[in-house]
Amino acid sequence: MYKILIRPVLFLFNPESVHNFVLFIVSKFSFLLPLFSMFYNPNSKNIFNISNLNFKNKLGLAAGFDKNGVALRFWDAIGFSHIEVGTVTPIAQQGNPKPRIFRLTSDKALINRLGFNNLGAEAIKKNIQKAKPLLKNGLIVGVNIGKNRDTPNINAYSDYTKCFIVLNDVADYFTINISSPNTKSLRDLQNKSFLSQLLSEIQNKNSELNKVLKPVFLKIAPDLEEEELITIYELVNLYSLTGIIATNTTISRENLLQNPLQQGGLSGKPLKNLSDKILYELNDLNLKFQNKKLNLIGVGGVFTKEDFQDKCNKGADLVQIYTGFIYEGPAIIKKILKN
Ligand SMILES: Cc1cc2nc3c(=O)[nH]c(=O)nc-3n(C[C@H](O)[C@H](O)[C@H](O)COP(=O)(O)O)c2cc1C
């Protein structure tokens, strides 16, 4: 129904307006939740334990879809095992000038340069706090954190730790986002000296605030060279993070049928091979460092059960989707998870 009736109408309008409209509907009309649940929830009964968190299946909604955590009950009702709220910054910010999301329909892709528009850590904490007691299906709520646009990289660690402190009580896990291409110089935080300082500060705060360390993932770009990837892998291990999310959007424009020459991060089908390659290399590192294996979350270009299975075969413990959900609609969850 989505692909035949709803998507053609939604795709007539500006992508960001449609996004906000859909989020509004699914967050406000809570009486519809049982209906959504009946149609879309695959009711998977497996348990995948990662860092003491019980995921009811391996499929989650990637960061950036519900940046402010306004529709958590909906994601729970339709059957995702987890969602990543954010990217959250300490202070609310508007993001880049509009328009800033573009559909590449023939490529089944999107380009976005939103630039971390969000309500800020305190407001988002309240949204999660309000929704969590109402979740019925065990949705795990991760919080993806970043820095404000005006914070220079030299002080970036302080923005990340501020978010960590504010959201510590409501986040089931954290993701440190250093890989969005839409905040100037953010991806420089992937270099060794910045990253060492950042991970060390976060884990110090983590052990100060929590008896048992809260799970922390690092989300990386798909455009990294092999040596950079090895350095990142070693640091994530050194600072005892839970694992790595591979990957964010790409700045590459290879193999596109249409190229609107828009700046920003490319997601969807054309990202699949790039993000799979990074996942494969991380899994290879895991095989070499058997005693300190990292958990891996695969994201990028998942549209079908085969794409999902591909990520699992390449070493993903969990898989996330974003663009596939826009193109295929909520029925994608059952399609991917059915036996
Ligand atoms: C419109 C849009 C906004 C996004 N915002 C964020 C974000 O705020 N933080 C983040 O870590 N990733 C963000 N992402 C990246 C996604 O979480 C995901 O890593 C990427 O889109 C690849 O997955 P996909 O091919 O399934 O879309 C965003 C992606 C899109 C399309």
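These legends accompany close-up views of a predicted model.

Residues are numbered from 1 along each chain as its sequence is written. In this predicted model, local features need pLDDT of at least 70 and side-chain atom pairs count only at pLDDT 80 or more, while totals for chains, interfaces and linings use all residues.

**View 1. The whole chain.** The chain holds 12 helices and 13 strands. Helices (H or I, at least four residues) and strands (E, at least two) are DSSP runs, numbered from the N terminus. The C-alpha trace spans about 50 × 45 × 40 Å along its principal axes. The radius of gyration, taken over C-alpha atoms, is 18 Å. That agrees with a compact globule of 339 residues, which would come near 20 Å; the globule rule is 2.2 Å times the number of residues to the power 0.38. Buried residues make up 47% of the 339. A residue is buried if 20 or more other C-beta atoms lie within 10 Å of its own, exposed if 12 or fewer, and partly exposed in between, with C-beta atoms placed from the backbone. Among contacts between residues at least 6 apart in sequence, 75% join residues at least 24 apart. Two residues are in contact if their C-beta atoms, placed from the backbone, lie within 7 Å.

**View 2. The closed barrel.** Eight strands run β3-β4-β7-β8-β9-β10-β12-β13, with parallel pairing. Two strands pair if DSSP finds at least two bridges between them. Axes are lines fitted to C-alpha atoms, for helices over the stretch in contact, and angles run from 0 to 180 degrees between N-to-C directions.

**View 3. Strands β9 and β10.** β9 (residues 216-220) and β10 (residues 243-246) pair in the parallel sense over 4 bridges. F217 stands opposite G243. L218 has I244 as its bridge partner. Side chains in a regular strand alternate between the two faces of the sheet. Both faces of β10 are covered: G243 and I245 are buried on one side, I244 and A246 on the other.

**View 4. The open sheet.** Three strands line up in the order β5-β6-β11, with antiparallel pairing. β5 (101-104) and β11 are the edge strands, each pairing on one side only. The twist averages 25 degrees from one strand to the next. β5 and β6 pair over 4 bridges. Here L104 stands opposite A109 in β6.

**View 5. The shell around the ligand.** Of the 28 residues around the ligand, A62, G64, S267, Y322 and T323 come nearest. A residue is near a molecule or strand if its C-beta atom, placed from the backbone, lies within 6 Å of it. β4 (82-88), β6 (109-112), β11 (265-268) and α11 (323-328) each supply at least two residues. The shell divides into 11 nonpolar, 15 polar and 2 charged residues. Ala, Val, Leu, Ile, Met, Phe, Trp, Tyr, Cys and Pro count as nonpolar, Asp, Glu, Lys and Arg as charged, and the others, Gly among them, as polar.

**View 6. Backbone details.** The peptide bond from G86 to T87 is cis, with omega near 15 degrees. T87 lies in strand β4. The bond from A246 to T247 is also cis, with omega near 15 degrees. T247 sits in the loop between β10 and β11. N43, not a glycine, has a positive phi of about 50 degrees. N43 is in the loop between α3 (33-40) and β1 (48-50). N43 is exposed, because 11 other C-beta atoms lie within 10 Å. S51 has a positive phi near 55 degrees and lies in the loop between β1 and β2 (53-55). S51 is partly exposed, with 17 other C-beta atoms within 10 Å.
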